[in-house]
Amino acid sequence: MRKHIVAGNWKMNNGLIQTKSLISDLKKQTKTSDAEVMIAPTFTNLWHAFESTRQDDIEVVAQNMHFSENGAYTGEISAGMLKSIGIKTVILGHSERRAYYNETDQDLAKKVDTALANEMKVIFCFGEELADRKAGNEETVVENQIKNALFHLEADVFKNIILAYEPVWAIGTGETATPDQAQDMHAFIRKTLENTYGNEVADEVSILYGGSVKPNNAKEIFGKPDVDGGLIGGASLNAEDFFAIVNAF
Ligand code: PGA
C-alpha cells in the first residue's frame with residue numbers, strides 16, 4: 001500500500017521566532033488521518049525544527065541541496081550536512097528552483113543520485129507551465145522531466161522516491177488543477193512508471209499533487225485514486241489550515 005503524505009513547503013518564509021511559533025501551533029493540532037506529515041523550513045531553521053519535533057509525528061525535510069558531496073561551492077548545502085542534523089528527506093526540482101536558479105533535468109539527475117547515495121529520500125517535483133498546457137503538451141513535458149532526471153535509476157530505489165506533480169500555473173496563484181486534471185496527470189505518471197519499471201514500482205510510488213491546495217479543495221483532490229497526498233506551499237504556513245489539509249484524507 002502506498003503512503004499518503006502531506007508535506008508543507010515553507011519556502012523562504014519564517015525566521016527562527018516564527019518557526020518556533022508555527023511548530024508550537026502544529027504540535028497543538030490533532031491528526032485524524034493516516035497521512036505522513038512533513039514540513040520543510042528554510043535551512044537555517046532545520047536544526048531547531050528537527051530538535052523540537054523529535055517526539056512528534058512530523059518529519060522535517062530540506063527544500064534543496066547541492067549535488068556535490070562537499071567542496072568549493074560557496075553558499076551551498078550538501079547531503080552530508082543535512083544528514084548530520086538528522087534530515088533524511090529532501091525536496092528536489094521545485095519549479096521555483098528550475099525557474100529562478102536554472103536547475104536543469106541533468107542537474108536534478110545528479111542531485112537525485114547524491115541524495116540516494118546518502119540514503120536520503122527524495123520528493124521530486126515537476127510540472128508543466130501554462131503555455132505547455134495550452135498547447136496540449138503537458139504530458140510530453142512531464143514525461144520528459146521524469147525520464148531525464150529519474151529513469152537512469154534501478155527499480156529498487158524507487159522506494160525512496162516520492163513524486164510531486166506541480167503544474168507551474170497552479171503554484172501560488174490560487175488556481176488549482178481540477179481534481180480530474182490532477183487525476184488524469186497522476187494516472188499518466190503512474191502509467192509512465194509502469195511502462196519502464198513494471199506494475200509493482202508504479203503501484204508503490206506515492207504521487208503528491210501541489211499547487212494551491214487549500215482546506216476547501218483538499219478533500220476533493222485527495223479523493224482521486226492516484227493522488228496520494230499534497231505538497232503545500234501557502235496553506236502550510238498556518239497550522240490549522242495545514243492540518244485541515246492533512247486530515248482531508
Ligand atoms: P502553493 O505552493 O500551495 O502556495 O501553491 C505549492 C508549492 O510550491 O509546493
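**Figure 1. A network of salt bridges in the predicted model.** In this predicted model, salt bridges link Arg2, Arg190, Asp226 and Asp228 in a network. Side chains of opposite charge can pair when their charged atoms come close.

**Figure 2. The salt bridge between Lys3 and Glu36.** The side chains of these two residues, Lys3 and Glu36, meet in a salt bridge with an N to O distance of 3.4 Å. Because Lys3 belongs to the segment before strand 1 (5-9) and Glu36 to strand 2, the pair ties together parts that are 33 residues apart in sequence. Lys3 counts as partly exposed, its relative accessibility being 40%, and Glu36, with a relative accessibility of 28%, counts as partly exposed as well.

**Figure 3. The salt bridge between Asp57 and Lys31.** Here the side chains of Asp57 and Lys31 meet at 3.2 Å, N to O, in a salt bridge. The pair links distant parts of the chain, 26 residues apart, with Asp57 in the loop between helix 2 (46-52) and strand 3 (58-60) and Lys31 in the loop between helix 1 and strand 2. Asp57 has a relative accessibility of 57% and therefore counts as exposed, the cut-off being over 50%, whereas Lys31, at 27%, counts as partly exposed.

**Figure 4. The surroundings of Ser33.** Ser33 sits in the loop between helix 1 (16-27) and strand 2 (36-40). Its relative accessible area is 11%, and Ser33 is therefore buried, since that class takes in values under 20%. A polar atom of the Ser33 side chain lies 2.7 Å from the backbone oxygen of Val246.

Figure 5. The largest pocket has a volume of about 410 Å³. Of the 15 residues that line this pocket, Lys11, Met12, Gln63, Arg97 and Tyr101 are the closest to its centre. Helix 4 (residues 95-100) gives the largest share of the lining, namely three residues, and by class the lining of this largest pocket consists of seven nonpolar, five polar and three charged residues. Arg97, one of the residues closest to the pocket centre, forms a salt bridge with Glu103, in which the closest N and O atoms are 2.9 Å apart. The two partners fall into separate accessibility classes, as Glu103 counts as buried at 9% relative accessibility, while Arg97 is partly exposed, with a relative accessible area of 21%.

**Figure 6. Ser95 in helix 4.** Ser95 has its place in helix 4, the element that gives the largest share of the lining of the largest pocket. At a relative accessibility of 14%, Ser95 counts as buried. Apart from its neighbours within four places in sequence, Ser95 is in contact with Val168 and Ile171.

**Figure 7. The second largest pocket.** The volume of the second largest pocket is about 250 Å³. Among the 17 residues that line this pocket, those closest to its centre are Phe158, Lys159, Ile161, Glu204 and Val205. Strand 2, strand 6 (161-165) and helix 9 (199-204) are the elements that give two or more residues to the lining of this second largest pocket. By class, the lining of the second largest pocket has nine nonpolar residues, one polar residue and seven charged residues.

**Figure 8. The surroundings of Ser236.** Ser236 is placed in the loop between strand 8 (229-232) and helix 11 (239-246), and with a relative accessibility of 1% Ser236 counts as buried. The side chain of Ser236 reaches the backbone oxygen of Gly233 at 2.7 Å. Residues up to four places away in sequence being left out of the count, Ser236 touches Gly8, Asn9, Trp10, Leu22 and Phe242. Ala202 is 34 residues from Ser236 along the chain, and the C-alpha atoms of these two residues are separated by 28 Å.

How values were computed: Residues are numbered from 1 along each chain as its sequence is written. This is a predicted model: local features need pLDDT of at least 70, side-chain atom pairs count only at pLDDT 80 or more; totals for chains, interfaces and linings use all residues. Side-chain values use heavy atoms; hydrogens and water are left out. Helices (H or I, at least four residues) and strands (E, at least two) are DSSP runs, numbered from the N terminus. Buried means under 20% relative accessible area, exposed over 50%, partly exposed in between (1.4 Å probe, protein chains only). A polar contact is a pair of N or O atoms within 3.5 Å; within protein, one must be able to donate a hydrogen and the other to accept it, and residues adjacent in sequence count only if both atoms are side-chain atoms. On a 1 Å grid over the protein atoms alone, a cavity is a set of points where a 1.4 Å probe fits but cannot get out, and a pocket is an open set with protein on both sides within 12 Å along at least five of seven lines; lining residues have an atom within 4 Å of a point. Grid points are joined across faces, edges and corners, and a volume is the space filled by probe spheres set on the points. Ala, Val, Leu, Ile, Met, Phe, Trp, Tyr, Cys and Pro count as nonpolar, Asp, Glu, Lys and Arg as charged, and the others, Gly among them, as polar. A salt bridge is a side-chain nitrogen of Lys or Arg within 4 Å of a carboxyl oxygen of Asp or Glu. Contact means heavy atoms within 4.5 Å.
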